[in-house]
Amino acid sequence: MLDLVIRNGLVVDGSGGQPFAADVGIRDGIIVEVGRITADAVEEIDARGHIVTPGFVDIHTHYDGQVIWDTHLRASSAHGVTTVVTGNCGVGFAPCRATDRERMYALMEGVEDIPEVVMAKGLTWEWESFPEYLDAIERRPHDIDVAAMLPHSPMRVYVMGERGANREPATDDDMARMKDITREAMEVGALGFGTSRLILHRTREGSLIPSYDAGAMELNAIMSGIRESGRGVVQAVLNLGAGVDFDKEFGVFTDMVTNAERPASYSLAQTWDAPDLWKRALELTEEANDKGLEVRAQVIGRPTGLLYGLDLSFHPFCRHPSYMEIADLPLAERVARMRAPQLRERILADEQRADDDFPLLALLNRFEWMFPMGDPPIYEPAPELSIAAQAQAQGRTPYEVVYDLLLEDDGQAIIFQAVANYVEGNLNVVREMLSNRHTLLGLGDGGAHYGVISDSSYPTFMLTYWGRDRKDSVLSVQEIVRKLTADPAHAVGLHDRGHIAAGYKADLNVIDFDKLRLAPPQVHHDLPAGGKRLMQGARGFRATIVSGVIIQRDGEATDALPGRLVRGAQPVPA
C-alpha cells in the first residue's frame, strides 16, 4: 500500500529531458516508483491533463524572521516552492546578543524593508548563537522546508560590537573568533555563508551595512572556517554599476571562493548606469570555472522591480512635505484628502525633502522606468506605457499622471518600476542570462521587502510567461522546471530533491499548465503587530506536496505542516 499516487500526469522530472506520461508513487515521504503503478494508495490525485514537477527550490530568500513567527512561508509556498534558503546578502538575526537587537532591527529595516514593530513583536529571541537559532527554527513546524546560511553582518557585530557595526577593521582575535563561529555553524547544519558588498544595502539610518567593505584578511579567515568544516556554500552580493572596478570586485569574490574551496554564487543583473557590465561578469564567471572554481551567477527571469503605492513603503510623493502631513492617516482618509484640488496642487508643487539622500529615493522621479502594474500584471511592458511616455502623450507632467494613477482603485493601485534588467525596454538580455550555463534562478527575496517587492512569485511567472505566453524566444517547460528545481538544489548541495525519480524526496507540484495564472500583488495586513506585506497569488496549482504530504490544494493551504529545517547538504539518494 502506497501513501499517495499521482496518476495520469505528464511528468517533467527536473532533468531537463522530455516530459513523459507516468504515475508517481510515494511512501514515507519518498518517491518509490515512477511509471505505470497498479498498487493501491491511501490517497490518489488524478493529474490527467496536468504536468507533474518536482517542488521548486528558492535559494535566495529572507525568511529569517518569518520562520520564527509564521508556519506558512507564503508567498513562496503559494507558487510551488517546497524548499527555501535564508541568510542571503549576509543579513539575518543570528548570532545576536540581546544588547545588539536594536542594531539588527535597523539593519533589517533598512536592507530588507521589514518594519521594526513587526520584528519586535514577531521574534521570540530564544537564541543568541547561530546553533541556537537553528534549534529555534527546528522547533517550529512549517509548510515547506527551510535551510539557513550564516549571515556575515550579524556575526561581525556579535564578535566586534560597535566596532563591527561601524565597519572598523577586524583584529586578529576578531578574525579568529569569526572563523570559529563559521566552522561551528557549518558543522551544526548551516547551508553556507552569505555576505554583501553592495553600496545600496544600508541600515534604517542610511549607514552602510557592517559587511560592506570587510577586508580581505577577514573574509579569508571566514573562508578558512568553511574550508576546515568541508561543508557549505558561499553567497555574495557584489557592487555592479557605473564607477565600479568590477574586475577587482570579482577578484575579491574569487579569492574568497579559492580559500573556501566550496561552491559559490553571486547576484547579477543588468543595471541602467552600466548596461553591458553583466556581459563582463559572465566572462569572469566563465574564466573562474575554467580555473576549477565552482561559481554561478544568480539572476531573476524578469525586471528587478519596485512596487509603489499609497499603501506601500514608497511612492513618488512619500517624501514631499505636504504629503507627509497626511501620511499617517488611514488610507481612505488620505485618498479623500488627496482628491481635494488645493492639497493636490500643494503636493504637486512640492519637492522631495532636502535632507533625504538615501540612494533608493533617487529612483522616485525616474518615470521612464515606471508603469501601471495591471491585471494581469505586466513584467515586459512596452516603453510607450511608461509614466513618462503617457505624460508626454497627454501634455501633462509625469507627477500629474502618477498622482492620478495612485488614487485609482480607492488608493490601492500599484505602480511598477523596472529598476534592472530592462534597459532596452524588453527582456532579451534576461533571455541571454537565463541561457548561460553558469547562471541560476534566484533573487526572489521572499520574506523581505514586504512593502516594495513581490518577486517571490517568479516561479509562476517563469512557467506562464517564458514557458507559454511570450510572443517569441520562449523557453521549453522542461528547461524552466530544471532551472526551478534540480539546478538550484544541486548548486547549494541539496542533492536529495529536485528530481522525480525513485529514492528522491517526495516534494512535488501538480499544475494545470493551461490555466496557470499569476495574480497582481495585493496588500495584506497580516504580519505581527498588523504589519503589511505584498502578497501575490496564483491559479492553476492543483496540489503542492512536501515529503509526501499535500500542503496546498487548488491554491488553498491545508492544515498540514510537514516542512522541516534542513541541516546542511543532503546526499544523492542511494
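**Helix packing and sheets**

Analyst: Let's start with a helix pair: helix 7 and helix 8 cross in a right-handed way (a crossing is left-handed if the near helix is turned anticlockwise from the far one by less than a right angle, and right-handed if clockwise). Helices (H or I, at least four residues) and strands (E, at least two) are DSSP runs, numbered from the N terminus.

User: What angle do helix 7 and helix 8 pack at, and how far apart are their axes?

Analyst: The angle is about 35° and the axes of helix 7 (172-188) and helix 8 (216-229) are 8 Å apart. Axes are lines fitted to C-alpha atoms, for helices over the stretch in contact, and angles run from 0 to 180 degrees between N-to-C directions. Residues making the contact include Met175, Met178 and Met186 of helix 7, with Met217, Ala221 and Ile226 among those of helix 8. Contact means heavy atoms within 4.5 Å.

User: Before I go on, what kind of model is this?

Analyst: This is a predicted model, where local features need pLDDT of at least 70, side-chain atom pairs count only at pLDDT 80 or more, and totals for chains, interfaces and linings use all residues. Residues are numbered from 1 along each chain as its sequence is written, and side-chain values use heavy atoms, with hydrogens and water left out.

User: How many bridges join strand 6 to strand 7, and how many join strand 7 to strand 8?

Analyst: Three for strand 6 with strand 7, and four for strand 7 (81-86) with strand 8. Phenylalanine 56 sits opposite valine 81 in strand 7. Over in strand 8, alanine 147 is the bridge partner of valine 85, and alanine 148 is that of threonine 86.

User: Is strand 7 buried or exposed?

Analyst: Mostly covered: six of its six residues are buried. Buried means under 20% relative accessible area, exposed over 50%, partly exposed in between (1.4 Å probe, protein chains only).

User: And the six-stranded sheet, what's its order?

Analyst: It's an open sheet too, with order 9-10-11-12-13-17 and parallel pairing. Strands 9 and 17 stand at the edges with a single partner strand each, so one side of each has no neighbour in the sheet. Strand 11 (233-237) pairs with strand 12 (264-267) over three bridges, and alanine 236 stands opposite tyrosine 266 in strand 12.

User: Switching topic: why is helix 19 largely enclosed?

Analyst: Because six of the eight residues of helix 19 (477-484) are buried. They are Val477, Gln478, Ile480, Val481, Lys483 and Leu484. The elements covering them include strand 5 (51-54), strand 6, helix 17 (428-435) and helix 18 (458-469).

User: Which residues are buried in helix 4?

Analyst: In helix 4 (130-138), Phe130, Pro131, Tyr133, Leu134, Ala136 and Ile137 are buried. These pack against helix 1 (66-69), strand 8, strand 9 (150-151) and helix 7.

User: Last one, the whole chain. How many helices and strands?

Analyst: The chain has 20 helices and 25 strands. Buried residues make up 60% of its 574 residues. The C-alpha atoms fill a box of roughly 75 × 60 × 45 Å along the principal axes.

Notes. Two strands pair if DSSP finds at least two bridges between them.
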